[in-house]
Amino acid sequence: MKKLFALFLVVLTLLTLCFSMSSCGKTEEFPGSKATQVNLKFNFYETVAIEKDDFTAKQSVIVKADSEIDSIDALTGKTIAVQKESDAKEICKAAGYTIVEFSNASDIKAALLSGAADAAVTDGNSEITVFADKDESGVKIFRNVGKLAKQIDDPLLAKIVDEDASLLRSVAKADKDGDTVVVFHCLTENGVKKIEEKYKYLVEEYGDGYFCQVNEKSVFIGTKDGLKCATKQLWHNRLYHTFIENQNYKYILDGLKNTLIITLCSLLIGVALGTIIAVAKYFSEGNSKLAIVNFICDLYTTVIRGIPMTVLLLIFFFVIMVSADGVLVAIIAFGINSGAYMAELIRSGINAVDKGQMEAARSLGLSKGQAMAKIIFPQAIKNILPAIGNECIALLKETSVAGYVAVVDLTRGANLIRNNTYDAFNPLILSALIYLILVVGMTKLLSIFERRLRRSDGK
């Protein structure tokens, strides 16, 4: 088993490397230079990936209609409201503004109205969708005094971005020995042709080889020396940009921590609830005095198992536990959901134990509760341990929907990295590998428990 798993990881790693290297395309040989071999040295290039939003999306500066702020220059010394984990927050921090963070645009709007913030800087279309309100007389309540955007210091990059940002998905700036290379990943082949036509003057000015089309949707603009090996380092520097730069790896660590917390706590709640429900149903079946107990247990398992986990989670977050911490909501929702399945598993294990053992225990003077705790329940657990293990694994994977209630779990963390870096492959593959390792680890622990139980039975 261990050898097969190790072989699987090796094959998966090799496939990942091959896919990533092949995605860079084939580098054309430049006039006056020799084609270079692949160089896997990590720091051969220092690459800064500049995503589309960095140079096309401009953040709106919103103030109340009667505010004295009439320009971006007037923001100095003012309190700026921004949304957590937004580009607006980073831009305002880089500009040195005093900021106050809110979880959503509605809270930012309330801060402006109450005077808790002098201005707001928002991403996307919030200017239109949130701050387009008018009073009863039809007078606008808010106004936009300008746009903020990240500054690009490199002259060549600034010129190209200013003129052709609409053609691009992302730009990578690679520096080697003072040579600057701008790498375009265009949305369409037509975009590549437009850039090629527009920058023909660079070839005339610097000579053949200043411009290179790597594949159908990638274009390099830079000096000859800078172009020679640029494709060789894109994947390695992409990993650095995806996980290390801006400390994006913290999303994975925080997500893994929340995933484990939710899984373990929900599992404890699920086992406790499942045990109570299963035992209650065992004693209430056929007992008219406990018919209401049996009805409540059946109702619980039927309703909870009939509602999709995502819907149940949203109900708890937006209806039952409004404004509660997302992790706490997830723990309770997943715990209650798991309890319904655990109840049926444990009940089936209890029913699998011969009823004669309960009668024998009772004849020896044990109460029903003592017989259940000391004789019936231990045997039931042995019978259903593999099924409980499967439920634990399913619970771990189900926590991937916790992001619906603003919980940064492992899946949500990987998706945040994808949103921030436009790199979907690396963070999603990493999260998948972490889930796989966790599942394999849980499977291994369960197999150890099963062996020990069999050993105690003398098998």
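Colleague: Which orientation do α11 and α12 have to each other?

Modeller: This is a predicted model, where local features need pLDDT of at least 70, side-chain atom pairs count only at pLDDT 80 or more, and totals for chains, interfaces and linings use all residues. The axes of α11 and α12 are 9 Å apart, at an angle of about 140° (axes are lines fitted to C-alpha atoms, for helices over the stretch in contact; angles run from 0 to 180 degrees between N-to-C directions). Under 35 degrees counts as roughly parallel, over 145 as roughly antiparallel, 65 to 115 as roughly perpendicular and the rest as oblique. The two helices, α11 and α12, are therefore oblique.

Colleague: Which hand does the crossing of α11 and α12 have?

Modeller: A crossing is left-handed if the near helix is turned anticlockwise from the far one by less than a right angle, and right-handed if clockwise. For α11 passing α12, the crossing is left-handed.

Colleague: Which residues make the nonpolar surface patch of about 480 Å²?

Modeller: Patch residues have over 30% relative accessible area and no salt bridge; like charges are joined within 9 Å, nonpolar side chains (Val, Leu, Ile, Met, Phe, Trp, Tyr) within 5 Å. Areas come from the Shrake-Rupley method with a 1.4 Å probe, and for residues only the protein chains shown count as cover. One member, I296, lies in α12, residues 291-306. Numbering runs from 1 along each chain as its sequence is written, side-chain values use heavy atoms without hydrogens or water, and the patch is I292, F295, I296, L299 and V303.

Colleague: At what angle do α11 and α14 pack?

Modeller: Helix α11 spans residues 249-284 and α14 spans 326-352 (helices are DSSP runs of H or I, at least four residues, numbered from the N terminus). Their crossing, α11 past α14, is right-handed. The α11 and α14 axes are 5 Å apart, at an angle of about 40°.

Colleague: Which residue forms a salt bridge with K281?

Modeller: A salt bridge is a side-chain nitrogen of Lys or Arg within 4 Å of a carboxyl oxygen of Asp or Glu. The whole structure has five salt bridges. For K281, the closest N and O atoms are 3.7 Å apart, and the partner is E344.

Colleague: How far apart are the axes of α11 and α16, and what is the distance?

Modeller: Helix α16 covers residues 368-398. The crossing of α11 and α16 is right-handed. They pack at an angle of about 140°, and the axes of α11 and α16 are apart by 11 Å.
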